[in-house]
Amino acid sequence: MFETEHEAEFDVFTDLLFNSLVAISFLFFLAFAMINPVAETGKIDPKAELLITIRWPDNNPDDVDTYVEDPIGNVVWYNVREAGLMHLDRDDRGMFKDIIVVNGEEVANPLNQESVSIRGLTDGEYVVNIVRYIATTSEPLQAEVKVEKLNPVVKVIFYGKIDLIGTGDEKTAVRFTLTDGEVGDVNNRPKGLVSLTRQDKSPNSEDGGGGPLLLGLTGGADTTAPLPALQAGETSK
């Protein structure tokens with residue numbers, strides 16, 4: 001009789017110990033799940049193959065726009081932010097509405113930068129142009145242009161500084177050709193892209209671009225030359 005009572009007490013102790021281990025294990029699992037992962041700074045989106053970055057002086061109110069043409073003839077710009085495999089990640093308008101929220105408060109973002117990512121590589125020529133959409137002064141504005149090939153390792157294809165003279169000044173920053181993923185024929189021969197986006201093609205213009213090329217491509221002296229008019233269905237900034 002005493003042996004039976006001893007076995008019953010032992011079974012209760014075993015159940016209590018088992019339940020305690022289960023509870024501890026569950027709490028450990030919850031604590032582990034709530035641990036924040038280590039932030040991976042500087043990590044590049046592996047889905048992008050090319051990254052084009054345009055920068056101009058911080059706190060400058062001027063608006064600089066990026067135009068990129070792929071080998072198929074797609075052009076990405078502020079009114080067509082996705083074309084083919086290209087995407088305009090950020091359209092920076094100088095200091096206009098350039099506000100970010102920090103700790104619940106709105107502060108002015110001094111950074112002036114635009115970027116275009118290309119998610120796949122197509123054989124042929126790419127053209128990168130920059131345009132001074134709005135110039136608040138007659139002084140030249142210097143913009144930095146960088147083109148990077150991201151995979152399998154980051155490689156800078158082009159880096160340069162370009163002066164934009166006034167409103168409407170368009171400059172070809174760089175043209176390059178891809179063949180089986182290899183970069184070649186890096187140059188900056190002028191080619192107008194703004195006129196292509198305005199659907200005004202002329203067989204007499206260089207590279208098939210239409211209408212009169214802008215200031216940066218013609219070398220004119222008018223620093224207030226307007227951009228070609230938008231067509232129906234297109235929107236201004």
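User: Let's start with Arg55. What relative accessibility does Arg55 have, and how does it count?

Analyst: This is a predicted model. In it, Arg55 has 31% relative accessibility, so it counts as partly exposed. Asp58 has 39% relative accessibility and therefore also counts as partly exposed.

User: Which residue forms a salt bridge with Arg55?

Analyst: The general idea comes first. Side chains of opposite charge can pair when their charged atoms come close. Here, Asp58 is the partner of Arg55. Their closest N and O atoms are 3.3 Å apart.

User: How many salt bridges are there by this rule?

Analyst: The count comes to seven. Take Arg132 and Asp62 as another case. Their closest N and O atoms are 2.5 Å apart. Arg132 belongs to strand β9 (residues 124–134), and Asp62 to the loop between β1 and β2, so the pair ties together parts that are 70 residues apart in sequence.

User: Are Arg132 and Asp62 buried or exposed?

Analyst: Both are buried.

User: Where in the chain are Glu69 and Lys191, which also pair?

Analyst: Glu69 is in strand β2. Lys191 is in the loop between β13 (182–187) and α2 (194–197). They are 122 residues apart, and the pair links distant parts of the chain. Their salt bridge is 2.6 Å, N to O. Glu69 is buried at a relative accessible area of 9%. Lys191 is buried too, at 10%.

User: Now a charged residue without such a partner. Which side chain of opposite charge is nearest to Glu148?

Analyst: Lys146, 4.1 Å away. A salt bridge needs the nitrogen within 4 Å of the carboxyl oxygen. Glu148 has no salt bridge, yet is buried. Its place is in strand β10.

User: What is Glu148 in contact with, leaving aside neighbours within four places in sequence?

Analyst: The list is Glu49, Leu50, Leu51, Val154, Lys155, Val156 and Ile157.

User: On to the sheet. What is the strand order?

Analyst: Read across the open sheet of six strands: β4-β5-β8-β1-β10-β11, with antiparallel pairing. The edge strands are β4 and β11 (155–164), each pairing on one side only.

User: How many bridges join β4 and β5?

Analyst: Two, in the antiparallel sense. Strand β5 covers residues 86–90. Ala83 stands opposite Met86 in β5. The hairpin of β4 and β5 has two residues between the strands. In that hairpin, Gly84 takes a positive phi near 60 degrees.

User: What is the bridge partner of Met86 in β8?

Analyst: Ile118. Four bridges join β5 to strand β8 (residues 112–118), and the two run antiparallel. On side chains, the general idea is this: in a regular strand they alternate between the two faces of the sheet. As for burial in this structure, β8 is mostly covered, with six of its seven residues buried.

User: How many bridges does β8 share with β1?

Analyst: Seven, again antiparallel. Strand β1 spans residues 50–56. Trp56 stands opposite Asn112 in β8. Elsewhere in the sheet, nine bridges join β10 (residues 141–149) to β11, also antiparallel. Ala143 stands opposite Ile162 in β11.

User: Next, the rings. How many aromatic pairs does a search of the whole structure find?

Analyst: Four. One of them is Tyr67 with Trp77, stacked at 5.7 Å centre to centre, with 15 degrees between the planes. Tyr67 lies in strand β2 (residues 63–69) and Trp77 in the loop between β3 (75–76) and β4 (82–83), so the pair ties together parts that are ten residues apart in sequence. Both Tyr67 and Trp77 are buried.

User: What geometry do Trp77 and Tyr78 have?

Analyst: Edge-to-face: 5.0 Å centre to centre, with 75 degrees between the planes. Tyr78 is buried, as is Trp77. Ring pairs link Tyr67, Trp77, Tyr78 and Tyr133 into a cluster.

User: Last, confidence. Where is it lowest and where highest?

Analyst: Helix α3 (residues 215–218) is lowest, at a mean of 49. Strand β12 (residues 170–179) is highest, at 97. The chain averages a pLDDT of 77, and 61% of the residues score at least 70.

User: Over residues 38–45, how many contacts does the model have beyond near neighbours in sequence?

Analyst: Three, and the pLDDT there is below 50. Residues 218–225 also stay under 50. That stretch has eleven contacts beyond four places in sequence.

Notes:
Residues are numbered from 1 along each chain as its sequence is written. This is a predicted model: local features need pLDDT of at least 70, side-chain atom pairs count only at pLDDT 80 or more; totals for chains, interfaces and linings use all residues. Side-chain values use heavy atoms; hydrogens and water are left out. Rings of Phe, Tyr and Trp (its six-membered ring) pair if their centres lie within 6.5 Å; planes under 30 degrees apart count as stacked, over 60 as edge-to-face and the rest as tilted. Buried means under 20% relative accessible area, exposed over 50%, partly exposed in between (1.4 Å probe, protein chains only). Two strands pair if DSSP finds at least two bridges between them. Lys and Arg count as positive and Asp and Glu as negative; His and the chain ends are not counted. Contact means heavy atoms within 4.5 Å. pLDDT is the predictor's confidence in each residue, from 0 to 100.
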